[in-house]
Amino acid sequence: MSRSEAQSWSLDIALAQGGFDALHPEGKNTLLQLGHDPADFDAVFEQVKSGAMLPKAWAEVAARAERRAAHYERDGYRRTAADLYLRAAVMWGRAQYSIFDTADPRKAALRARCNHCVTRIGELRGGRVRRVEIPFEGGVIHALLHLPDGEVRQAPAVILGPGMDMIKEDYLYAAERYYTSRGMVALSIEGPGQGESRAGGLAVTLDNYERALEAYAGYLAGLPEVDAGRIGMFGISMSGYWGLRAAAGATRLAALAAYEAVCGDFLTIFERAQPSFKKNYMYMSGYRDEALFDREMRDRMPLDAMAADIRIPVLLGIGEFDELTPLEQALACYQRIRAPKEMRVYENEFHPLGGVAAEVFRYGAEWLERALSGDPALREPGRDVRHYLRRDGHIGDGSAAPDWWQGADPVGGQRA
């Protein structure tokens with residue numbers, strides 16, 4: 001029996017006693033940036049006392065929103081209907097995500113509801129949201145293309161990379177709010193191991209995700225709406241890690257904003273953090289033998305010296321107490337990067353960055369907009385900008401080290 005299976009009771013106790021916050025402190029705020037209405041969220045977690053209850057709760061509240069959406073669509077209220085279909089889509093997506101078995105027909109049925117809602121959003125928004133399927137290494141990778149209003153030509157584009165427990169639909173809200181509303185094209189993706197890509201049999205390997213990112217960038221480069229020289233990436237959690245791997249090789253990407261990137265030893269995420277993280281990644285990579293997974297994947301995943309090969313401007317952001325990457329390891333990774341770079345550490349924040357979620361989504365988008373527009377300040381050789389953002393609103397400039405470290409340097413080379 002794997003660690004995740006043996007310790008699943010601990011997650012049930014956490015959900016029963018503390019709800020979602022017990023697993024992801026202030027994570028609700030991050031989900032709001034992913035299109036979840038707070039009333040929907042509360043209605044779901046009022047029902048949930050164990051992990052097994054999650055698919056049912058998400059599905060029941062999703063169905064409510066979808067019924068309302070259909071009502072408004074019949075009466076011709078297109079924007080109201082689209083908003084409700086979006087709420088339903090992200091909840092149907094959560095429901096299917098909670099089932100870790102691609103052969104389970106319930107997973108496929110819940111995914112079909114999610115896809116139906118996305119189709120309705122695309123119709124109601126005049127075709128500005130479109131499903132994308134790209135042949136890739138014997139399988140198919142899936143994405144959603146998000147286009148601005150009106151005629152668009154040679155615009156900058158951003159790949160929106162989900163964390164390992166996210167799906168492409170999680171960016172439906174953020175894509176419009178932070179990118180297409182600014183005239184940028186966005187592509188929210190599911191790489192190998194994620195969502196529909198995994199359901200189709202495509203597992204993640206040690207290095208195929210960065211090749212998938214290049215395939216997505218190639219797709220964008222072939223669109224008349226996109227300037228092939230101005231393609232960037234916004235990545236959360238594991239997609240921040242995958243983005244860093246892609247940036248360390250030959251890449252079409254021109255800039256990377258990565259928040260909560262898992263860039264430490266991987267023992268923390270897979271052996272010390274909540275057991276669900278390892279269970280999910282083993283599902284994504286197709287492993288059933290935990291010892292084999294450890295040898296072939298976990299122990300070979302750290303970026304280490306690879307970070308020194310990055311050549312594009314990079315923005316990194318992380319919580320001071322991120323559960324998946326100790327801060328000293330994140331700073332050590334940052335130090336290895338020799339490209340123009342920026343690091344923001346958020347005081348007392350955990351992995352969801354829930355206390356600063358809206359700020360993070362907006363700043364990451366604006367930073368990418370400037371980087372892809374050729375802002376010389378962000379591309380200056382040797383650029384190294386560091387901030388420690390305190391909860392009281394004060395900013396420590398010039399160093400990302402927390403004040404309580406008292407100038408001590410657990411990293412080696414951390415600037416004072």
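**Notebook: salt bridges, rings and buried sites**

I began with R370, which is partly exposed at 43% relative accessibility (buried is under 20% relative accessible area, exposed over 50%, partly exposed in between; 1.4 Å probe, protein chains only). The model is predicted, with local features needing pLDDT of at least 70 and side-chain atom pairs pLDDT 80 or more, while totals for chains, interfaces and linings use all residues. Residues are numbered from 1 along each chain as its sequence is written, and side-chain values use heavy atoms, without hydrogens and water.

**Entry 1: salt bridges**

I looked up the partner of R370 and found D375, in a salt bridge whose closest N and O atoms are 2.6 Å apart (a side-chain nitrogen of Lys or Arg within 4 Å of a carboxyl oxygen of Asp or Glu). D375 is buried, at a relative accessible area of 18%. I noted a network of salt bridges with shared partners, which joins R111, R131, E133, K168, E169, E190 and E196.

For the whole structure I recorded 36 salt bridges. In the one between E196 and K168, the closest N and O atoms are 2.6 Å apart. This pair links distant parts of the chain, with E196 in helix α9 and K168 in the loop between β3 (155-161) and α8, 28 residues apart (helices, H or I of at least four residues, and strands, E of at least two, are DSSP runs numbered from the N terminus). I find both ends buried: E196 has 11% relative accessibility, and K168 has a relative accessible area of 0%.

I then checked E271, which forms a salt bridge with R298 at 2.9 Å between the closest N and O atoms. E271 lies in helix α12 (residues 267-272) and R298 in the loop between α14 (290-296) and β7, so the pair ties together parts 27 residues apart in sequence. E271 is partly exposed at 26% relative accessible area, whereas R298 is buried at 12%.

**Entry 2: helix α9 and its end**

I returned to helix α9 (residues 195-199), where A199 lies. A199 is partly exposed, with a relative accessible area of 47%.

**Entry 3: aromatic rings**

My search of the whole structure gave 17 aromatic pairs (ring centres of Phe, Tyr or Trp, the last by its six-membered ring, within 6.5 Å; planes under 30 degrees apart are stacked, over 60 edge-to-face, the rest tilted). Y178 and F361 make a stacked pair, at 6.1 Å centre to centre and 25° between the planes. Y178 sits in helix α8 (residues 172-179) and F361 in helix α16, so I count this as a link between distant parts of the chain, 183 residues apart. Y178 and F361 are both buried. I also noted a cluster in which ring pairs link Y209, Y241, W242, F266, F270, Y281, Y287 and F293.

I located H351 in the loop between β8 (341-346) and α16 (357-372). H351 counts as buried, at 9% relative accessibility. Its side chain makes a polar contact of 2.8 Å with the side chain of D322 (N or O atoms within 3.5 Å, one able to donate a hydrogen and the other to accept it; residues adjacent in sequence count only if both atoms are side-chain atoms). Beyond its neighbours within four places in sequence, I list S237, E260, D322, E323 and L324 in contact with H351 (heavy atoms within 4.5 Å).

In helix α15 (residues 327-336) I found L327, A330, L331, A332, C333 and Y334 buried. Their cover includes β7 (314-319), β8 and β9 (384-389).
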